[in-house]
Amino acid sequence: MADLPTCPLPDDDYRALSLSGRVGFSSLPDQLVKKSISRGFCFNILCIGETGIGKSTLLNSLFNTSFDDSMSTHFLPEVKLTAQKYVLQEDCVLLKLPIVNTMGFGDQINREDSYQPIVDYIDSQFEAYLQEELKIKRSLFNYHDSHIHVCLYFISPTGHSLKSLDLVTMKKLDSKVNIIPIIGKADSIAKSELQNFKNKIMCELVSNGIQIYLFPTDDETVSERNAIMNGHMPFAVVGSNEKVQVGNKMVRVRQCPWGTVEVENENHCDFVKLREMLICTNMEDLREQTHVRHYELYRRCRLKEMVHIDMDPENEPVSLQEAYEAEWSEFYLELQREEGELRQRFVQRMKEKAAMLTKEERRLPAKYELEMQILEAERLKLEEKKKVLEDEIAVFHAKKANAELLQSQASTATLAVSLKKGEDHRKKVLMLIIRGSKKKLLHIPLS
């Protein structure tokens, strides 16, 4: 059997051998593909641009779907980042697609720190992964990759130059994320002015030392195409949610009073170039560059802050234990110093409190005597009021007794008068009866 071709190895310690037959490890790429498909892929996108520049519409056009996007406003007091997670499936490939949108970017009067919430968000994703990585028992295999893999930076189609906010923001982000500049709503610029606008943008980026993501040219299969696409940066794109039938298929278009712009027509805009470079060709490189370049830079800086260094200031090797002991000694001295300061502060406060208590103790007798005098005066007033009240009660009882006596006398007199009248009436009745009897006797005849 003929010898199989061997790939050159960079390490000279390995000796190349030929195989007399098929072994089977050539299926490793297929195994990797199957495993990756079963796990699915994740691609995190950050969209930065002013409100109304077409960020959501472009994403709908890129992935040929309709993402749920809340209406943004121009009146937010500060930049707010909103993350929405989606899952897309094409054939048998599953793609997790978190989209982070910057609401209110560029809408404030004071835009000095508009970039800070974006920087903080990217750093927080790096920090979360680093903390998981530093755990003794970690699960990086199942850890959700929340790193921002690409930043689509939307540039307003002014036709003049970049705004100072754009330059400052991209300068702060170029070491943390892969930036792809995009001219939004490019149909508002004349085609004759568009190339000059692109050249001016690239010149400003270079002169300000801003490093944008350039498509890699080290892979022979895509190097030529990527090199050509690098010359078309920044991409001038148009997005649309409206579809019309052109020929035998439905295409996305942007209808204007002066004509119709086809989103997927390369003569009208760079939308097809962007989708080809971003999704079809370089998505995995964007993911790799995020981890290998940006996350490693963040990790290196953070570990230096945490004194996990490999060399001392004299470029001599130093162990982690030595670095830990040195850091602990410095921390212990600082702790002792703070403890001494706290002790002195405590003693001083105790002295002040003791002096205040002594002063209060001196004031207490006089204060007590004054309170007792006030209390005695109040007691005398109450005694006087009590005596007056008792006199009033005695007078009241006397008046009440007199009234009851008068009332009883009046009742007795009334009763006597009534009895006398009754007696008189009875006497009158008896007299009448006697008179009547006498008259009867006089008229009786004698027998």
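α2 is followed by Asn64, whose phi is positive, near 55 degrees. Helices (H or I, at least four residues) and strands (E, at least two) are DSSP runs, numbered from the N terminus. The model is predicted: local features need pLDDT of at least 70, side-chain atom pairs count only at pLDDT 80 or more, and totals for chains, interfaces and linings use all residues. Residues are numbered from 1 along each chain as its sequence is written, and side-chain values use heavy atoms, with hydrogens and water left out.

**Exercise 1. Decide how far α2 is enclosed, and state what covers its buried residues.**

Step 1. Buried means under 20% relative accessible area, exposed over 50%, and partly exposed in between (1.4 Å probe, protein chains only).

Step 2. In α2, the buried residues are Lys55, Leu58, Leu59, Asn60, Ser61 and Leu62.

Step 3. Because 6 of the 8 residues of α2 are buried, the helix is largely enclosed by the rest of the structure.

Step 4. Contact means heavy atoms within 4.5 Å. The cover over the buried residues of α2 includes β2 (45-48), β4, β5, β6 (179-183), β9 and α7.

**Exercise 2. Find the largest cavity and say which element gives the most to its lining.**

Step 1. Rolling a probe the size of a water molecule over the atoms shows where empty space is left. On a 1 Å grid over the protein atoms alone, a cavity is a set of points where a 1.4 Å probe fits but cannot get out; a pocket is an open set with protein on both sides within 12 Å along at least five of seven lines; lining residues have an atom within 4 Å of a point. Grid points are joined across faces, edges and corners, and a volume is the space filled by probe spheres set on the points.

Step 2. The whole structure holds 2 cavities of 30 Å³ or more, and the largest cavity has a volume of about 130 Å³.

Step 3. This largest cavity is lined by 13 residues, of which Ser56, Leu59, Asp69, Gln84 and Ile99 are the closest to its centre.

Step 4. Two or more lining residues come from each of α2 (55-62), β3 (80-90) and β4. α2 gives the most to the lining of the largest cavity, with 4 residues.

**Exercise 3. Check the length of α8, locate its bend and describe its packing.**

Step 1. The expected span of a helix is 1.5 Å times one less than its number of residues. For the 23 residues of α8 (residues 283-305) the span should be 33 Å, and the end C-alpha atoms are 32 Å apart, which agrees.

Step 2. The bend at a residue is the angle between axes fitted to the seven residues ending there and the seven starting there. In α8 a bend of about 35 degrees falls at Tyr295.

Step 3. Tyr295 is also one of the buried residues of α8, which include Met283, Leu286, His294 and Arg302. The buried residues of this helix pack against β4 (93-103), α3 (116-133), β5 (150-155) and α7 (271-281).

**Exercise 4. Give the volume of the largest pocket and its main contributor.**

Step 1. The volume of the largest pocket is about 680 Å³. Among its 22 lining residues, Arg39, Gly40, Tyr143, Asp145 and Arg287 are the closest to the centre.

Step 2. α1 (28-39), β1 (41-42) and α8 are the elements that give two or more residues to this lining. The largest share, 5 residues, comes from α8.

**Exercise 5. Trace the pairing of β8, β9 and β10.**

Step 1. Two strands pair if DSSP finds at least two bridges between them. β8 (residues 243-246) and β9 (residues 249-256) are antiparallel, with 4 bridges; Gln245 has Met250 as its bridge partner in β9.

Step 2. The hairpin of β8 and β9 has 2 residues between the strands, and Gly247 there takes a positive phi near 70 degrees.

Step 3. β9 is joined to β10 (residues 259-262) by 4 bridges, again antiparallel. Gln255 stands opposite Thr260 in β10, and β9 and β10 form a hairpin with 2 residues between them.

**Exercise 6. Examine the backbone at Asp91, Lys185 and Pro234.**

Step 1. Most residues other than glycine have a negative phi, and most peptide bonds are trans.

Step 2. Asp91, in the loop between β3 and β4, has a positive phi of about 55 degrees. Asp91 counts as exposed because its relative accessibility is 73%.

Step 3. Lys185, in the loop between β6 and α5 (191-207), has a positive phi of about 50 degrees. At 33% relative accessibility, Lys185 counts as partly exposed.

Step 4. Met233 and Pro234 are joined by a cis peptide bond with omega of about -10 degrees. Pro234 is in the loop between α6 (223-230) and β7 (235-236).
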